[in-house]
Amino acid sequence: MYDLKDKRWVKNVGQLRATDHEVVLTFDDGPGRQLEAILDVLQAKNVPAAFFWQTRLLYNERPWKRVIQEGHQLGSHTHSHKKLSRLPKAGQRKQIKDSVDKMRAVTNTNVSLFRPPFGQYDESTMEILEELNITPVMWEISSYDWIHRKDPETIISNVAAHVRDGSIILLHELEQTQAVLPRLIDEIRNKGYQFTLL
């Protein structure tokens, strides 16, 4: 579902530690309107997840405290979701560092994970992440949930057909994703996998 060859990016938990039939659900582009409903599902199913947020959307009215209280992870998805490869290094640094700094200031947690918008980056991105001691995270399996608003069942099959030990799964805080999330979790568990964090 995604074939990034650059091994500097974490796509599978096995790159970080030994795994035993574990996978990671990750949600991009929040915090958004579907966050509460997604958290309700994760809580009911006892599933941890990682959320990669744009800090332009992060303010006190969003339920970010609940994300932390319920044991989920937070990572940066830049400040305003710009394609980093189109920005000069100074612009990239501002997008990444401002985002991480704001997340740390608002949530009072250590934010050390980063995922680039659109999965796009260049060598300047890598240099900045190394300087800031931030772990670059991509995904091994994309649900393509943003495409399948009218056919959310495809989201389930896109993931379930490809899941393997350690897979990092790309989802988004979208209505169609929230709608199929309980069944997606059940399908992954039916294949013998449990859920973990990065």
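Me: Which residue of E2 stands opposite Thr26, and what makes E1 and E2 a pair of strands?

Reply: Ala50 in E2 stands opposite Thr26. This is a predicted model, in which local features need pLDDT of at least 70, side-chain atom pairs count only at pLDDT 80 or more, and totals for chains, interfaces and linings use all residues. Residues are numbered from 1 along each chain as its sequence is written, and side-chain values use heavy atoms, with hydrogens and water left out. E1 (22–30) and strand E2 (residues 49–53) share five bridges in the parallel sense, so they meet the rule for a pair (at least two bridges found by DSSP). The elements themselves are DSSP runs, numbered from the N terminus (helices: H or I, at least four residues; strands: E, at least two).

Me: How do you know that E1 also pairs with E7 and E8?

Reply: Five bridges join E1 to strand E7 (residues 168–172), running parallel, and there His172 is the bridge partner of Asp28. With strand E8 (residues 194–195), E1 has two bridges, again in the parallel sense, and Phe195 partners Val23.

Me: What makes E1, helix H1 and E2 a β-α-β unit, and which hand does the unit have?

Reply: E1 leads through helix H1 (residues 35–45) to E2, and the unit is right-handed. The word applies because, with the strands pointing away from the viewer, the path from the first strand over the helix to the second runs clockwise.

Me: What makes the backbone at Asp29 and at Pro31 worth a look?

Reply: Asp29 has a positive phi, near 75°, although it is not glycine. The peptide bond from Gly30 to Pro31 is cis, with omega near -5°. Most residues other than glycine have a negative phi, and most peptide bonds are trans. Asn46 has a positive phi as well, near 55°.

Me: How many aromatic pairs are there, and why is the one between Trp9 and Tyr121 called stacked, tilted or edge-to-face?

Reply: The count is four. Trp9 and Tyr121 lie 4.8 Å centre to centre with 55° between the planes, which makes the pair tilted. The rule takes rings of Phe, Tyr and Trp (its six-membered ring) with centres within 6.5 Å; planes under 30 degrees apart are stacked, over 60 edge-to-face, the rest tilted. This pair links parts of the chain 112 residues apart, and Trp9 is buried because its accessibility is 0%. Tyr144 and Trp146 are tilted too, at 5.3 Å and 45°; Tyr144 (27%) is partly exposed, as is Trp146 (43%).

Me: How do you know that a charge sits over the ring of Phe52?

Reply: The charged end of Arg115 is 4.5 Å from the centre of that ring. The test asks for NZ of Lys or CZ of Arg within 6 Å of the centre and within 35 degrees of the ring normal. Lys83 sits likewise over Phe118, at 5.1 Å.

Methods:
Buried < 20%, exposed > 50% of the residue type's maximum accessible area, 1.4 Å probe, protein only.
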